[in-house]
Amino acid sequence: RCWLYKRAVCNSGLMLQASSFACKVSLVVGITLLLHATVCAIQHREYLKAVEQPFTFPPLEIAGQCLVALVLGGWGVVGLQANFVPIRTTTHLAKQTIDSLDPPDFIHLNTRSLR
């Protein structure tokens with residue numbers, strides 16, 4: 001039974017490394033695909049200027065590349081996110097008093113001298 005447990009733990013670590021690698025590859029492919037779509041859009045605009053046609057919207061191939069790049073890049077970023085560290089506010093809140101939490105409605109600063 002212990003041998004099976006150790007093997008399962010090792011396999012889960014291997015799966016974690018494989019998914020991390022897949023996320024890195026997905027992120028790189030998404031960024032590369034987005035750069036390629038940008039170059040294609042620039043070339044399309046230059047072509048339209050050369051044939052003197054107005055630019056109405058990008059071709060469907062470029063829009064599709066952008067959507068695929070967005071999905072791949074988003075999946076890569078979400079897969080590579082690190083463990084979040086909790087925000088510890090208890091020490092800061094312990095130093096505050098009730099007066100600092102509930103300020104008065106009107107504060108007189110005595111900016112003029114009395115006659």
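A disulfide here is a pair of cysteine sulfur atoms within 2.5 Å. Keep that cut-off in mind as we walk through this structure, which is a predicted model.

**Cysteines.** The structure holds zero disulfides. Take Cys40: its sulfur lies 9.4 Å from the closest cysteine sulfur, that of Cys66, so the two are too far apart for a bond. Cys23, for its part, counts as buried, with a relative accessibility of 6%.

Val29 itself is partly exposed, at 39% relative accessible area.

Here are the two residues with a relative accessibility value, side by side:

| Residue | Relative accessibility | Class |
|---|---|---|
| Cys23 | 6% | buried |
| Val29 | 39% | partly exposed |

Helix α2 runs over residues 60–79, and its 20 residues should span 28 Å at 1.5 Å a residue; the end C-alpha atoms are 28 Å apart, which agrees. Which residues of α2 are buried? They are Ile62, Gln65, Ala69, Gly73 and Gly76. Seen down the axis of α2, these buried residues fall within an arc of 60°, so they line one face of the helix. On the face of α2 turned away from the buried side sit the exposed residues Leu60, Leu67, Leu70, Val71 and Val78.

Definitions and conventions. Residues are numbered from 1 along each chain as its sequence is written. This is a predicted model: local features need pLDDT of at least 70, side-chain atom pairs count only at pLDDT 80 or more; totals for chains, interfaces and linings use all residues. Side-chain values use heavy atoms; hydrogens and water are left out. Buried means under 20% relative accessible area, exposed over 50%, partly exposed in between (1.4 Å probe, protein chains only). Helices (H or I, at least four residues) and strands (E, at least two) are DSSP runs, numbered from the N terminus. The expected span of a helix is 1.5 Å times one less than its number of residues. The arc is that of the directions from the helix axis to the C-beta atoms.
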